[in-house]
Structure formats: C-alpha cells, structure tokens
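Dear colleague,

Here is the structure we discussed, handed over for your own use. My notes follow below it.

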Amino acid sequence: MNCFPSFFRKKEDSHTRNTPEIDEEISNIQNVKVKLFTYKELKAVTDDFCESNKIGEGGFGSVYKGRLKGGKIAAIKVLSAESRQGVREFLTEINVISEIEHENLVKLYGCCLQNSQRILVYNYLENNSLAQTLLGANRSNIQFNWQTRYRICIGVGKGLAFLHEEVRPYIVHRDIKASNILLDRDLTPKISDFGLAKLIPDNATHVSTRVAGTLGYLAPEYAIGGRLTRKADIYSFGVLVVEIVSGRCNTNTRLPPEEQYLLERTWELYERKELVGLVDTSLNGDFDAEEACRFLKIGLLCTQDNPKRRPSMSTIVKMLTGEMGVDEKNIAKPALISDFMDLKVRGPPRSSGTENTSYNVTSSSDTRENSTLSLGASTFGTLTVSPVYDQSL
Ligand SMILES: Nc1ncnc2c1ncn2[C@@H]1O[C@H](COP(=O)(O)OP(=O)(O)OP(=O)(O)O)[C@@H](O)[C@H]1O
C-alpha cells in the first residue's frame, strides 16, 4: 500500500539522493563502521512511512516498523528537525552507539543520513515498553509475575551499569524511564535511546516533550541545577525500580493526595515499616516479600538527595541480586522534585493513555541567578535542561 499521493512522491525524491557534497563528506569520514541505509530503502520497507506502520511517537520523532532486506524486523526512528546535526557529528556519535552491544541495550542496526534526513534503524522489540505494558492505563495481557519483575529490574540495572562503567568514555543516559525500557519476546528488558541525547544540538537539549512522564524521574540537582553525572541516571533508575515493584507510575493524581507521589509514599511506608504494602496488589500476594522490600529500599537509596549517597550501578546490581547487603543507615528521605518546585496539577486527568497528568510547571528557582532550568508559561509541556557535565561523581 502506498500512503503518499503521487504529487507528494515527487517532492519526496529530494530526500532520496544526496548532494555530491554530502556524499563526499561521508566518504571522507574515516572508520565509518555503522551500516548506512538509503532513504529509498527505508521508504520502501515502511511503505512510504505509512501511518499503519507507525508504532510510536516520541520526543525525537516518529517510529515506524519495517522488515529489512534479509528479513530482520526493525524500528525505524525518523528524527525530527530539531534533532538534526551536521553529517560529521552525527556519524561520529552514531558510530560509537552502533558499536555498543549488551543483552540489555537496544541494538542499533544502522542509520540513514540523506540531505536533511536523519533516521536511526534499531532492532524491533515485540513487547513494547514498560510504560505501555506494565504502567499504562490499559495494561497488556502480559503477566508480570514477581520473577519477571525481578529479572527486569536486574536486566535494566546491568544495562545501565554497562553504559556507566564498561563503555569508554562512559555514557550518561539522561532519560531513564519506563517508556525507554523495551521488552523482547521473552520479556528481557532493553534500554533504548542511549547516546541519543548527545545527538541533539546544545540549544535544543531534549529531555522529553512530555514533561508529565519524565519529571518524576529527574534528579533534582539535574532538573534544577543542570548538574549532570551518572548519579542522575541512578536516581531515575531508583524511581523505575519502585514503579516496577508497585506496578504504578511515579505520579498518579487520581489517587488520594497522600498517595499521589510514589516516592513520598515509599518513604512514608518505609518509616512505618510497612513497605510490603506498596507491592503491586495484582500479584495477589504471590511474591518474595524479603526481595520485594529489598528492591524498594534500593529504590530509596538510589533517590537520595545527596548524589554521593546513591551507590554506583554495579553496586546496585549486587544489592538487587542479594550478593551485597543494603546499607540501611544510608537511607534518608528521598529527594523529591516537588520539594524544590511549585508543581501545580492542571485540569482533570485525561481519561485515556497513561496515569500521568500534565503539570503546569513553575519553578521556585526561576528567579535564582544562574538557574539553568528553563520553565514557565511559554515552555508549558516542554522541559529544557542545559546539562553541565560534572565528572566528580
Ligand atoms: N526498538 C523498538 N522496538 C519496538 N518499538 C519501539 C522501538 N523503539 C521505539 N518503539 C516504540 O515507539 C515509541 C516511541 O519511542 P521513542 O523512543 O521515540 O519515544 P518515547 O521513549 O516513548 O518518548 P521520549 O521521546 O519522550 O523518550 C515507544 O514507546 C515504543 O512503543
């Protein structure tokens, strides 16, 4: 089926062939190991980027499904205009990402850069993202029993430990959240979008176009001070672990006020020694209570206000597997972005989609000098954080 009328197709042809200058620039870049797809090839496998082949839409652009020559199914991510970089910078970053292989990271097959187009071609994961299957309003039919949740937390932990501690130079993901955890046929978790933040020009730093889903994962020192270290990812990972164990989103304004913010609730139950009460009731009590509470305590450790108190990812993996004990004396009240900002929930919750609600975000730090958090009426729905890389942690 061809989705584009013929008068459009003529215009599209301008994407299908590079100018000689771009071809020359590509051929001059040395050590290009990543597979380069032509626009024509990707256009063909997605039936002209047809709506019926569209599987998602994120802050970076639209994602399509297509079968590549040779039979592999791919997720084809067409980067939006603001994500477009020069040929050299783009290929250099993509080359690095395509070399990274780990069981818990989504594999990048290759890319296409033709004139202004920037397209990434990834391994297609059959079981969608955790945001849709575990936390979405319309949960899927997948049974997330305790064993599966245990494997998912440890898998994501290992993938992140690899990015933080094995890859040289290390990669800070910057956007760890349930929608960036994809599941394969066997429900093995794969972290997506790693390295992508670097592809975005500095003046358009992407965190997410959808604040609602992302805000609750952001470490306050990053969201407010722009201070970016691996510990910001560890904060987000902690939030994710608590979501996986409890089976709910970090923010749910349909709940009674005292239960709306997941981390707040976790801390409260921890203090009352009732953590087990947070475990997803859909498990019907069929879980290992010692393990589940250990995971929740690790979630609290990861979300400590002082980044130095958050353990490294390899230590966290050891704590999750039980190889190392959880140091409870380091657990204090977690850092909550709502403690730093005036978060006003806007309007009634949407009836469809996830449990997240839109925020009208105004920052109490807006007036502070050197604040790098750019929020306010004109940026409603968009959170822009200008990262300042800090190698000290
Ligand atoms: N490799 C893949 N395999 C299968 N589906 C995918 C793949 N990559 C993305 N998708 C689908 O496309 C959707 C959009 O993905 P994308 O990574 O662009 O945005 P997001 O993570 O949902 O949001 P954001 O851009 O805010 O991080 C995902 O939620 C998922 O449903």
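Leaving aside its neighbours within four places in sequence, which residues is lysine 77 in contact with? They are Phe60, Gly61, Val63, Ile119, Leu120 and Tyr122. Please keep in mind that this is a predicted model.

Lysine 77 is part of strand 4, which covers residues 73–79. An unreviewed UniProt entry lists Lys77 under "binding site". The residue counts as buried because it has 25 C-beta neighbours inside 10 Å, where 20 or more are required.

The other item is a helix pair. Helix 6 (residues 146–165) packs against helix 9 (residues 230–246) with the axes 10 Å apart and an angle of about 175° between them. An angle over 145 degrees counts as roughly antiparallel, and helix 6 and helix 9 are therefore described that way. On the helix 6 side the contact is formed by Arg149, Ile152, Cys153, Val156, Gly157, Leu160 and His164. Helix 9 meets them with Arg230, Asp233, Phe237, Leu240, Val241, Ile244 and Val245. Sorted by class, the contact of these two helices holds nine nonpolar, two polar and three charged residues.

Helix 9 is mostly covered, with 17 of its 17 residues buried. Its length also agrees with expectation: at 1.5 Å a residue, 17 residues should span 24 Å, and the end C-alpha atoms of helix 9 are 25 Å apart. Glycine 247 follows helix 9 and has a positive phi, near 70°.

Regards

Notes. Residues are numbered from 1 along each chain as its sequence is written. This is a predicted model: local features need pLDDT of at least 70, side-chain atom pairs count only at pLDDT 80 or more; totals for chains, interfaces and linings use all residues. UniProt positions are given in the numbering used here, feature names are shortened, and annotations may be inferred rather than shown by experiment. Helices (H or I, at least four residues) and strands (E, at least two) are DSSP runs, numbered from the N terminus. A residue is buried if 20 or more other C-beta atoms lie within 10 Å of its own, exposed if 12 or fewer, and partly exposed in between; C-beta atoms are placed from the backbone. Two residues are in contact if their C-beta atoms, placed from the backbone, lie within 7 Å. Axes are lines fitted to C-alpha atoms, for helices over the stretch in contact, and angles run from 0 to 180 degrees between N-to-C directions. Angles under 35 degrees count as roughly parallel, over 145 as roughly antiparallel, 65 to 115 as roughly perpendicular and the rest as oblique. Ala, Val, Leu, Ile, Met, Phe, Trp, Tyr, Cys and Pro count as nonpolar, Asp, Glu, Lys and Arg as charged, and the others, Gly among them, as polar. The expected span of a helix is 1.5 Å times one less than its number of residues.
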